[in-house]
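Open the model in your viewer and keep the selection panel at hand. The stops below are given in the order in which to select them.

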Amino acid sequence: MAVLDNGEVYGWGYNGNGQLGIGSNANQANPYRVSNLQGVVIQKVVCGYAHTMALSDEGVLYAWGANSYGQLGTGNKANQVLPVRIASEIGRVVEIAASHYNHISAALTQTSKVYMWGQCRGQAVTSAAETPFHSLHDVFACFASPAVTWKPMDLDVVLTNRVSDSLRQSFDEEESSDLKFNVDGKLIHVHKAILKIRCEHFRSMFQAHWGEDEKDTIDITQFSYPVYRAFLKYLYTDEVDLPPEDAIGLLDLANSYCEVQLKRHCECIIKHGITVENVAMLYAAALKYSAKELEEFCFGFALNHLTAVAQTEAFNKLDEPTVKNFILKAARHGAFKY
């Protein structure tokens, strides 16, 4: 199976269980388009022993092929020779997994929940079942026979009392802190030394000739509490834990404080939350904050769903220069050709 840059899916080779998704069980010597996915932009395909799953750019999941163990997640064990939408009840999917060595399927949702279905220790699970795991690797380690990972793993030796663990634990710790930020009437406890080491903005702020260097509490009015707390926590942990709607505010902060790596974190979060309804707003935000990669991603998504996007409230709220920018760019990509 192969996915093109435009989201089309092609398959060729053995097709005894309908795993090519072309509507029959006939083998194919040459690439054959999966036409039943017309109008759907696929961004990823994974293959099991005799079944296939595909994930669209809107986080919608499709499956086809062998289903003797429920690995398609359709609620039954009937094979499918055409793609069928599955697991709509679990919400937006951001990652999928399958392996040639077993009959298990797994998915990670936008809310970081991991689901699995298929052959589970000799039993057939025919619908998506939530697991207690946080990684797709854990599904195959626990339930697959043999326990073979779906892709190579990145391993890290975990040492006790690491510097990163100590930093993480010291964030917002009142006892050891020497500075407080007051945001929306709530206090966040931090350490000047860490902020100066991690951020050029604070390194400049806490110089002797600036008044902030003498204060033990600094008021923040231009950003919300969730956004500013997430930013400070990022300086301690290198991690960002915010929903897509708040990531826009953090992107604004990262742009103001010239935090390039943080901008990339925000762009990744926003990409996972993109929909037809909000893509116009996100495109405008990407332009405003000079987030080039996010701008291109939003533009590509909007172009693939142009008719629906043009009818959304968010698109109608775009200012005139942004609309002109979008239309000219869409024209250069052939959006208005007959």
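Predicted model: local features only at pLDDT ≥ 70, side-chain atom pairs only at ≥ 80, totals over all residues.

Residues are numbered from 1 along each chain as its sequence is written, and side-chain values use heavy atoms, with hydrogens and water left out.

Select residues 225-237 for helix 5 and 244-256 for helix 6: the two pack at about 60°, with axes 9 Å apart. (Helices are DSSP runs of H or I with at least four residues, strands are E runs of at least two, and both are numbered from the N terminus; axes are lines fitted to C-alpha atoms, for helices over the stretch in contact, and angles run from 0 to 180 degrees between N-to-C directions.) That angle makes helix 5 oblique to helix 6; under 35 degrees would be roughly parallel, over 145 roughly antiparallel, and 65 to 115 roughly perpendicular.

Show side chains next. Pro226, Val227, Tyr228, Ala230 and Phe231 of helix 5 meet Asp246, Gly249, Leu250 and Leu253 of helix 6, where contact means heavy atoms within 4.5 Å.

**Helices 8 and 12**

Move to helix 8, residues 279-288, whose axis comes within 11 Å of that of helix 12 and crosses it at roughly 100°. The two helices are therefore roughly perpendicular. Tyr283, Ala284 and Leu287 of helix 8 make the contact with Thr322, Asn325, Phe326 and Lys329 of helix 12.

Pick Lys329, in helix 12 (residues 320-332). Is Lys329 buried or exposed? Lys329 is buried, at 9% relative accessible area (buried is under 20%, exposed over 50%, partly exposed in between, with a 1.4 Å probe and protein chains only). Beyond its neighbours within four places in sequence, Lys329 touches Tyr283, Glu295, Glu296 and Phe299.

Now select Val279, also in helix 8. Val279 is buried, with 0% relative accessibility. Setting aside neighbours within four places in sequence, its contacts are Ile274, Cys298, Phe301, Ala302 and Val309.

Draw a distance from the C-alpha atom of Val279 to that of His51: 32 Å, for residues 228 apart along the chain. Residues 7-58 are 0% helix and 44% strand, with end C-alpha atoms 12 Å apart. Residues 59-109 are 0% helix and 47% strand, with end C-alpha atoms 8 Å apart.
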